[in-house]
Amino acid sequence: MVVRVVEGADRPSAGTLRLVVVASIAGAATGVVASTFGLLLEHAASLRGDLIGWAHDRSVLGFAVLLLVVAATTTAAALMVHRMEPHAEGSGIPRVEAIVEGRADPGRARILPVKYVGGLLAIGGGLALGREGPSVQMGGVVASVCARVTRLGRDDLRMVVAGGAAAGLATAFNAPIAGGVFVLEELFKRFDPRASLATLAASGSGFAATHLLHADDLVFTMPTLPAPSLSQAPLVVMVALLCGVLGVAYNRAVMAGLRFVDTTRVPVVVRSLAIGAAVGLLAWLAPGWVGSGDNLTQDALLGHGAVATVVLMLAVRFALGVVSYAANTPGGLFAPMLVLGTESGLLVGLVAAKVTTLAPGMAAALALTGLAAFFTASVQAPVTGLILATEMTGSVTWLPPMLGAVALAMLLARLLGGIPIYDALTARSAHNARVNLEDKGLVA
């Protein structure tokens, strides 16, 4: 076989340059959209806290008003999706993945306002959902509009959509590297030059645009962690095994909840009212346990907690995450995963502290390990899990143990037959998109 080297073949073409420019513009626009979304969610969480405080001061009346408000916001978000734009439901990442893979069309631009407003209502109301999923899908919509305006071809359009998704994730978690790597590892499942250029350019420009609006510190803060040593390996293994089992169980529970929703005859209004009222009840009993859960993740990463409380919280947040996602409102899975992962790691550390002496900061280190391990067991994107954990916390001390935990958690998930959550959700999204076209008579 003769290999010919063509002079200039490795240089980016004019088409590649155009792709990168459009991806950068889409990323910057996504940064503006996703960062304002995040800021408004922070205000919504503050208003929810004020409402809960007001409700507790007024006993029965306050309790009734709290349940009514949460039920109303949940129902409004669900109805927006059901009646205005079905493709705006849930995380949005599966929808973007289906577009990137060519299994679905980009859809209408009105996905963006439905996702934006619906996400504010659902997540701000207290459902256990994250902002990263909506940010990713809104980035994909912004990018598809940019690609259509600049008349990019079908393949380049998909790459720009992926870039917009990367910018959305980078903005949501203040993690530009993780945003780009997630798209390449999970959506493209390859690292080719054009895809990498578009994705990283969009992620970087989105991150820059966000910081022009407001400067973010690290998403989570960490105490000083102990230096890793082989003597800690048994605890790391226990965290990996626990997260591997729980990650697979969580994926299956989420999909089971969606199958129930897809087949039930219970009207959307009744279902969403019931879910909203249940979340309102929990908000009354344990105000800090509702919502995306970033406060719970932060506490775990500081090593705070008691065994009984953490066990109860794991059970409640596991169920709440499944029920919240089954409401079919806009909202992501990342943030709830972080809660389950960090609490799982913290639990191992707290139990170990009762039977042996742990170095200061060890419980926090195991919580961080759990974050990466649970994410990997559920999503099966280990590189993203490691980078996400380090970018959000700024801590690299425990990268070697985390690497081992991530590998073991993913191995266990595969041995247990776990299907990556976004693969399962993407298959569902593509199926629903086809059914929608068939109902309109556009597909035979």
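A residue is called buried here when its relative accessible area is under 20%, exposed when that area is over 50%, and partly exposed in between. Keep that in mind as we walk through this predicted model.

You will find Ser-35 in helix α1, which covers residues 14-56. Is Ser-35 buried or exposed? Its relative accessibility is 3%, and because the cut-off for buried is under 20%, Ser-35 counts as buried. Leaving aside neighbours within four places in sequence, Ser-35 is in contact with Thr-30, Thr-171, Thr-210, Leu-213 and His-214.

Now step back to the whole chain. Its secondary structure consists of 17 helices and zero strands. Along the principal axes, the C-alpha atoms fill a box of roughly 65 × 55 × 45 Å. For 444 residues, a compact globule would have a radius of gyration near 22 Å, and the chain agrees with this, at 22 Å. Of the 444 residues, 57% count as buried. Among the chain's contacts with a separation of 6 or more, 84% are between residues 24 or more positions apart.

What about the interior? The largest nonpolar core has 126 residues, and those that touch the most other members are Phe-182, Tyr-250, Phe-334, Met-337, Ile-421 and Tyr-422. Helix α14, residues 362-379, gives the most to this core, with 14 residues. Another core lies apart from it, made of six residues that include Met-80, Val-81, Ala-88 and Ile-111.

Not counting residues up to four places away in sequence, Phe-182 touches Ile-93, Leu-169, Leu-187, Phe-334, Phe-375, Val-379, Thr-384 and Tyr-422. Two of these, Phe-334 and Tyr-422, are also named among the core members with the most touches.

Our last stop is Leu-302, in the loop between α11 (294-301) and α12 (307-325). Leu-302 has a relative accessible area of 31%, so it is partly exposed. Where does Leu-302 lie relative to Met-222? The two are 80 residues apart in sequence, while their C-alpha atoms are 6.0 Å apart in space. Beyond its neighbours within four places in sequence, Leu-302 is in contact with Thr-221, Pro-223 and Ala-364.

Conventions
Residues are numbered from 1 along each chain as its sequence is written. This is a predicted model: local features need pLDDT of at least 70, side-chain atom pairs count only at pLDDT 80 or more; totals for chains, interfaces and linings use all residues. Side-chain values use heavy atoms; hydrogens and water are left out. Helices (H or I, at least four residues) and strands (E, at least two) are DSSP runs, numbered from the N terminus. Buried means under 20% relative accessible area, exposed over 50%, partly exposed in between (1.4 Å probe, protein chains only). Contact means heavy atoms within 4.5 Å. The radius of gyration is taken over C-alpha atoms; the globule rule is 2.2 Å times the number of residues to the power 0.38. A nonpolar core is a set of buried Ala, Val, Leu, Ile, Met, Phe, Trp, Tyr and Cys residues joined through side-chain atoms within 4.5 Å.
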